[in-house]
Amino acid sequence: MVIDWSQKNGDTTSSDRPIVPAATYVRMSTDHQKYSTDNQIAVIHRYAEKNGFEIAQSYADEGKSGLRLVGRDALQSLLSDVEEGRANYRAILVYDVSRWGRFQDPDEAAEIELRCKRQGILVHYCAEQFENDGSIGSSIIKTVKRAMAGEYSRELSVKVFNGQANLIRLGYRQGGAPGFGLRRQLIDQNGNPKGELTRGEHKSIATDRVILVSGPEEEVRVVTRIYDLFNKGRNEAEIAAALNAEGILTDWGRPWSRGTVHQVLINEKYVGNNVWGRTSFKLKQTHIRNPEGEWVRADGAFTGIVPIEIFERAGEIIAARAERLSDDAMLEKLAKVLEKQGYLSGLVIDEMEDCPSSSSYSHRFGSLLRAYALVGFVPDHDYRYLEINRALRRMHLDLLGTVIRGLQSSGGAVSQDVGTDLLTINQEFTASVVIVRCLLTSAGSLRWKVRLDTVLKPDVTVVVRMGPGNLEPYDYYLLPLLDMHQAVLRLCEFNGLSFDAYRCESLSRFYAMAARRSFMEVA
């Protein structure tokens, strides 16, 4: 939202000092923060009156997350006005540093301010305790606050995920439409039913919960019929055609398709299992399809409407359908889908007749992305990091063996916990080995994000920073538990003398920690 105040306020000046035209930018992250923008504007106006600014234009992003620039129309409009010479102001007033955004890369917030400064428009942070005057002190504080803003979002994301995962394990539903034949039931904190939630309705009391229950009897009969027909040899397209011929619509009021029938046949909620986390979009970075081992689940959480043996029989038919095809035959069918549609996705694959399901491709080739690559399709999003992470996990096993041999060659006794890979050296201290992926920013700088193990708490964490391309180590850090006070470290190429004191070019220093000398040699 953009408001032009120039006509309303005029262009008056004070007799004792010139009035500087300024723009304001405010942002609130959710629609529930009813007074957030009002509070920001009140602080900004007091700052403007005190420091001789007149509000010429206002920009507001209401209910917008600060994790990305995408979707924040007001901020994009501000930057466009500034860079294209339409700005009728010489300063921008912002509540605090975090209003630009809680970006995971602090450089993104810095870039927004830099784009304004290049056009001669200075940014003032009205609620901060420092002057944004370009001094070393203000630059350091801004950098810290940008990093803190990003870390706040990351920590909040972790807390929200853990809270949602815990509710899933307790058998409560977390978002999403219930599906054909099912309904969302609202219950209180004691498990007593309070009513059925219709589409678009949400719980209003924090202690209330949502579970899935059987829907209308006629819908339950349709679901049962879908499984019965499929297990008797009818495929998804034939079942969809039969339902459409009878005028039966999906829960969204649409005709049935091969894909919608297929979803009914593979979704575990029909047997009462509560499954969540098949995909994730953490911190609004990238949509990823999670491995089945990372799904959060509670089996038997709801009363199912399909017997488990019938559901498993349908799953066996789907799996066998793909097993009968060779790899080449499956890829040939996928290539035909790509040629016909022009792009690929799980939904597109599931909708195509005479083609294995997307889950079959994922199981056969390790991932959908791998199958895409084999037929020459490159998704719009860059998913290369998934392959990099897989390569680093394979590398971790070899590196761990190298570290153990290095410690032993120095005379150390090493034992390894098979479950956690925690190393115990000389029965005196513990260590873990962490390989960190190298990230390249848009400015060409190298970045690494290190997650320390806050559960095992090894005495020493051996951090292996990978180089550009993530093919070989860049350098190493030996981080002692006593000096580490954060769970996540964001590292640049150079991190200051106090931190880079832990840096080393090889692991020889670490191996030397396992060496032993006799008392006579020391004497």
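**Conventions**

I worked with a predicted model, in which local features need pLDDT of at least 70, side-chain atom pairs count only at pLDDT 80 or more, and totals for chains, interfaces and linings use all residues. Residues are numbered from 1 along each chain as its sequence is written, and side-chain values use heavy atoms, with hydrogens and water left out.

**Entry 1: the six-stranded sheet**

I began with the strand order. Strands here are DSSP runs of E with at least two residues, and helices are runs of H or I with at least four, numbered from the N terminus. I found an open sheet of six strands in the order β13-β14-β15-β18-β19-β21, with mixed pairing. I took two strands as paired if DSSP finds at least two bridges between them. β13 (414-416) and β21 (503-504) are the edge strands, and each of them pairs on one side only.

Strand β15 (residues 429-436) runs parallel to β18 and is joined to it by six bridges; V433 stands opposite V462 in β18. On the β19 side, seven bridges join β18 to strand β19 (residues 473-480), and these two run antiparallel. V464 has Y476 in β19 as its bridge partner. β19 and β21 run antiparallel and are joined by two bridges.

**Entry 2: burial of β18**

How many residues of strand β18 (residues 460-466) are buried? I counted a residue as buried under 20% relative accessible area, exposed over 50% and partly exposed in between, with a 1.4 Å probe and protein chains only. Seven of the seven residues of β18 are buried, and the strand is mostly covered. In a regular strand the side chains alternate between the two faces of the sheet.

**Entry 3: loops on either side of β18**

I looked up backbone phi values in the two loops. Most residues other than glycine have a negative phi. K457 is not a glycine, yet has a positive phi of about 50°; its place is in the loop between β17 and β18. K457 counts as partly exposed, at 49% relative accessibility.

β18 and β19 form a hairpin with six residues between them, and G469 in the turn has a positive phi of about 95°. N470 is in the loop between β18 and β19. N470 has a positive phi of about 55° although it is not a glycine. Is N470 buried or exposed? At 9% relative accessibility, N470 counts as buried.

**Entry 4: the three-stranded sheet**

I recorded an open sheet of three strands in the order β16-β17-β20, with antiparallel pairing. β16 (438-440) and β20 (488-491) stand at the edges with a single partner strand each, so one side of each is left without a neighbour in the sheet. The twist averages 25° from one strand to the next. Strand β17 (residues 446-451) pairs with β20 over four bridges in the antiparallel sense, and V450 stands opposite L489 in β20.

**Entry 5: helices α6 and α7**

I turned to a helix pair. The axes of α6 (residues 217-231) and α7 (residues 236-245) come within 10 Å and cross at roughly 140°. That makes α6 oblique to α7; angles under 35 degrees count as roughly parallel, over 145 as roughly antiparallel, 65 to 115 as roughly perpendicular and the rest as oblique. Axes are lines fitted to C-alpha atoms, for helices over the stretch in contact, and angles run from 0 to 180 degrees between N-to-C directions.

Which residues of α6 meet α7? V222, R225, I226, L229 and F230 in α6 meet E236, I239 and L243 in α7, where contact means heavy atoms within 4.5 Å. By class, I noted six nonpolar, no polar and two charged residues in this contact. Ala, Val, Leu, Ile, Met, Phe, Trp, Tyr, Cys and Pro count as nonpolar, Asp, Glu, Lys and Arg as charged, and the others, Gly among them, as polar.

**Entry 6: two helix residues**

S358 lies in helix α12 (residues 358-365) and, at 7% relative accessibility, counts as buried. Leaving aside its neighbours within four places in sequence, I found S358 in contact with G346, I349, D350 and L368.

E312 lies in helix α9 (residues 308-323) and counts as partly exposed, at 45% relative accessibility. E312 and V271 are 41 residues apart in sequence and 9.8 Å apart in space, C-alpha to C-alpha.
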